[in-house]
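Me: I want to learn how to read side-chain features in a fold. Take me through them one at a time, please.

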Amino acid sequence: MEIRRLDSTRDDFDTQLNELLAWDISADSEIEQVVRGVIADIQQRGDVALLEYTAQFDGVEVAAAAELEISQQALRDALERIGVDERRALQAAAERIRDYHEHQLQSSWSYQDDLGNQLGQRITPLERVGVYVPGGQASYPSSVLMTLVPARVAGVGELVVTVPTPGGVRNDMVLAALAIAGADRVFSIGGAQAVAALAYGTDTVPRVDKIVGPGGAYVAAAKRLVYGQVGIDLIAGPSEICVVADAHADPELLAWDLFSQAEHDAAAQSILISPQASVLEAVYTTMARLLPDLKRTAIVAESLARRGALIKVLDLAEAMTVVNRIAPEHLELNVADPDSWLDAVKHAGAIFCGPYTGETFGDYVAGPSHVLPTFGTARFASPLGVYDFQKRSSVIHMSAAGAASLADIAVPLATSEGLEAHARAAAIRVKQDN
């Protein structure tokens, strides 16, 4: 088994760490060129172009775009077809996700200042949100719940979902999850054409205010290009896990947690950091023993060789310094007292504390959304949540006394900027009060 080994005491550690973390999140120029063409075509020809791309890329040929819509009855039928255990699991996960996100709800607020002005903020949900659900090489009913449930909690008026169905094959677990989460309209389209249809609208697909949800390289490029026309959540990249372990950690448990992200994609990243060389060696030995028996052995092996690492540090304090440089999507603190290290973590999408808190629970059922910042964007970005589906509007109600008093501040500021009308618009209110 091939995996990098880094040591913080080596002179070339910084260089090696930079190389490990290097990843170009900008769209490949060829992909971007293709996506630009698709977006322009959808804008110009609408449903006609959408039908052509769906036939070309998904092998689904229909006479009219309306046939691409999946009915509410089809969602309910899928919910009935899946097994009892699967249905219970989806419902239980949805309930936990809903409970967690209800704690994120914000309320409008206001206060009166000493001049009698009423100042505040209104919190309102977005009217219509588009959700992209992957349905090509992999289908993730968990992502349906992790995106739609927070939106529902936020009070979004309409949820429009696109999910590709290559060869016309629909995934019952995905459709069942859509039924449970309360999707309003669902279309069997994917790729850049789905993003473009959501962003600009066609005769069949309604235009949305924001697009959320993960996708491949073409979807990511399309979201980047339509941003500004609509809002987006983030540009999702390959999955990442960073595990910090001390001498108390179980090597086999660590091995499975590292595998759990590596099996997503050959570009996924699994990193283990420890002050104990014996822990790193035990985990390496365990992984090498377990790897051949995995169903996705080739993908895991390539992921570990390309982007995986075992990092030796001096102590847990230095481990946290390295963690903050990585700013991982998922961080596991598999140490004796994880809570004592939380304040040292400045950048991470989600933090899993203690040996029982496997990242896998976060993917499915813990409660927080598993839509998280990748590529080190946890330095400035946050997990998907209710706040992503709400808008904030400032509310200002000036009193006569407030206008008179604040004009003394506004007029000289506006005058200094050479904006006469601004200054006079403030001053005239003082004159009217007199």
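Me: Is Y53 buried or exposed?

Reply: Start with the scale. Buried means under 20% relative accessible area, exposed means over 50%, and partly exposed lies in between (1.4 Å probe, protein chains only). Y53 has 12% relative accessibility, so Y53 counts as buried. F57, at 46%, is partly exposed. One caution: this is a predicted model, where local features need pLDDT of at least 70 and side-chain atom pairs need 80 or more, while totals for chains, interfaces and linings use all residues. Residues are numbered from 1 along each chain as its sequence is written, and side-chain values use heavy atoms, without hydrogens and water.

Me: How many aromatic pairs are there?

Reply: First the rule. Rings of Phe, Tyr and Trp (its six-membered ring) pair if their centres lie within 6.5 Å; planes under 30 degrees apart are stacked, over 60 edge-to-face, and the rest tilted. That rule gives three aromatic pairs. In one of them, the ring centres of Y53 and F57 are 6.0 Å apart and the planes meet at 10 degrees, so this pair is stacked.

Me: Where do Y53 and F57 lie?

Reply: Both belong to helix α3 (residues 47-58). Helices (H or I, at least four residues) and strands (E, at least two) are DSSP runs, numbered from the N terminus. Y53 and F57 are four residues apart, about one turn of the helix.

Me: How are the rings of W256 and F259 arranged?

Reply: Their centres are 5.7 Å apart and their planes stand at 80 degrees, so the pair is edge-to-face. W256 and F259 are three residues apart in helix α10 (residues 251-262), about one helical turn. W256 is partly exposed at 39%, while F259 is buried at 2%.

Me: Which charged residue sits over the ring of Y284?

Reply: The test is geometric: NZ of Lys or CZ of Arg within 6 Å of the ring centre and within 35 degrees of the ring normal. Here the charged end of R5 sits over Y284, 4.5 Å from the ring centre.

Me: How many residues are in the largest nonpolar core?

Reply: A nonpolar core is a set of buried Ala, Val, Leu, Ile, Met, Phe, Trp, Tyr and Cys residues joined through side-chain atoms within 4.5 Å. The largest has 41 residues, and L145, L148 and L178 have the most contacts inside it. At least two residues of this core come from each of α4 (72-81), α5 (84-102), β5 (128-132), α6 (141-154), β6 (158-162) and α7 (172-181). α6 contributes the most, with eight residues. A second, separate core of 31 residues includes V35, I39, A197 and V230.

Me: What does L178 touch?

Reply: Contact means heavy atoms within 4.5 Å. Neighbours within four places in sequence aside, L178 contacts L75, V144, L148, V161, A183 and V186.

Me: Which residues of helix α9 are buried?

Reply: In α9 (residues 217-226), they are V219, A220, A221, A222, K223 and V226. These residues pack against α2 (29-45), β5, α8 (191-200), β8 (210-212) and β9 (231-232). After α9 comes G228, with a positive phi near 110 degrees.

Me: What is phi of A327?

Reply: Near 50 degrees, which is positive although the residue is not glycine. A327 is in the loop between α13 (316-326) and β13 (330-334) and is buried at 0%. F375, also not a glycine, has a positive phi of about 60 degrees. F375 lies in the loop between α14 (359-364) and β15 (390-397) and is partly exposed at 22%.
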